[in-house]
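Trainee: Please take a close look at one helix for me. I want to know what it packs against.

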Amino acid sequence: MSTPTLQENLPGNESASTVKWVSLTLAAIVLWFVLYSQLIPFSRWLTGLLPIEAGSHLYEAVAFFTYDTPKVIMLLSLIVFLMGIVRSFFSPERTRAILAGKREGVGNVLAACLGIVTPFCSCSAVPLFIGFVSAGVPLGVTFSFLIAAPMVNEVALGLLFGLVGWKIALTYLLFGLGVAIVAGWVIGRLKLEGWLEEWVLNIRSGAADIPDEKLTVIDRIKEGLEAVRDIVGRVWIWIILGIAAGAAIHGYVPADLMARIMGRDEWWTVPAAVVIGIPMYSNAAGIIPVVEALIGKGAALGTVLAFMMSVIALSLPEMIILRKVLTVRLIAVFAGVVGTGILAVGFLFNALF
Amino acid sequence: MKNVKVLGPGCKRCDALVRMVEEEAAAANIPVAVEKVTDYAEIAQYGVASTPGLVIDGNVVHAGGLPKAENIRQWLAA
């Protein structure tokens with residue numbers, strides 16, 4: 001979290017309420033940690049109340065569910081809140097100004113990283129695409145941004161961190177960025193500007209000069225809370241469904257079944273995971289609890305990562321939205337390049353670990 | 001009469017911004033003509049990269065997410 005600098009000529013009552021907001025926020029975060037540390041006793045207590053024999057399949061499933069659900073929702077809320085504050089310092093317009101005229105290579109790396117922190121919603125994908133390209137951001141750099149923004153997001157990272165551990169969350173972050181950087185760079189090298197829809201090429205608007213809106217510390221905290229309300233409010237049902245599916249896998253699927261069908265010995269499992277993943281449209285919230293359970297049952301990490309990336313990064317609805325600005329040929333190249341990158345990650349992981 | 005345009009393909013936030021502008025204008029007694037711009041090509045002409053965007057009398061004053069109500073009031077009064 002950033003340390004806010006107070007403006008010197010702030011009226012007295014405003015700085016007083018800033019202090020109030022900041023201290024309430026800090027108190028809430030402390031309370032969060034206290035509650036979080038009590039989750040294991042809480043889930044034991046809750047599961048113990050039910051008339052289920054300890055050690056049975058049902059008991060395992062219920063214990064998994066009552067521990068993971070509050071844990072994941074709490075973790076996600078905290079991460080989304082902090083990310084909401086970070087994002088209040090960025091905007092697509094500012095990101096565009098940073099990326100405009102950047103060389104490929106450096107531009108691709110920068111675009112992928114900015115994709116994580118720039119606020120972006122999929123309904124803005126088309127205006128963002130045109131806004132970037134018409135203001136002089138190279139096509140490949142724009143693609144690096146558009147691949148990273150949905151793939152490496154706070155929901156995916158928060159859930160992976162909470163359910164599977166920080167090592168896999170970090171791995172996902174690095175390889176997600178890697179796929180976005182390399183795929184964007186490759187698309188840039190292919191020089192496919194002519195494959196944009198014609199009307200996009202004719203737009204020569206440049207960038208609007210939008211005056212900065214001054215945000216106070218309180219505004220930023222409010223943006224964090226708004227992000228929690230919006231994102232957690234939208235995905236909690238998927239988390240619960242995902243964890244319920246994960247709980248069923250935990251309790252009932254035999255431990256070696258996944259090792260047999262999604263194990264690393266079978267080379268075709270990675271491409272199969274990507275092909276199955278593309279038409280599946282789920283957000284990170286629904287898919288990651290299932291992924292966690294699959295890993296627990298012996299599925300190979302590379303196969304699971306490839307599946308997760310293709311579900312999140314290559315979605316049919318997004319391609320349909322982008323069809324307004326890209327020709328079918330360009331969408332096919334986009335899906336092909338990103339899919340190849342995901343395949344490479346999957347194979348690499350299965351070979352290394 | 002202020003000429004207000006809300007740029008956006010028609011997501012929830014774009015509609016919310018239209019309502020906010022109308023409410024603020026009514027509260028401040030400023031006559032406005034609010035127009036929704038949903039065509040991507042036309043949105044692009046304004047040079048914004050995120051929606052909803054807000055254009056008042058031809059000037060882009062805001063892009064991306066919902067602005068604060070008090071800012072809308074200031075822009076309308078300016």
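Mentor: In α4(A), Pro92(A), Glu93(A), Thr95(A), Arg96(A) and Leu99(A) are buried. Buried here means that 20 or more other C-beta atoms, placed from the backbone, lie within 10 Å of the residue's own. Viewed down the axis of α4(A), the buried residues fall within an arc of 160 degrees, so they line one face of the helix. That arc is taken from the directions from the helix axis to the C-beta atoms.

This is a predicted model: local features need pLDDT of at least 70, side-chain atom pairs count only at pLDDT 80 or more, and totals for chains, interfaces and linings use all residues. Residues are numbered from 1 along each chain as its sequence is written, while chains are lettered from A and ligands numbered from 1 in the order in which they are written.

Now the neighbours. The buried residues of α4(A) pack against α5 (106-117), α6 and α7 (139-151) of chain A, together with β4 (59-63) of chain B. Helices (H or I, at least four residues) and strands (E, at least two) are DSSP runs, numbered from the N terminus. Just after α4(A), Gly101(A) takes a positive phi of about 75 degrees.

Next, the contact between the chains. Chain A puts in 24 residues and chain B 21 residues; two residues are in contact if their C-beta atoms, placed from the backbone, lie within 7 Å. On the side of chain A that touches chain B, α4 (92-99) and α6 (125-134) of chain A each supply at least two residues. There α6(A) gives the most, with seven residues.

Terms used:
A residue is buried if 20 or more other C-beta atoms lie within 10 Å of its own, exposed if 12 or fewer, and partly exposed in between; C-beta atoms are placed from the backbone.
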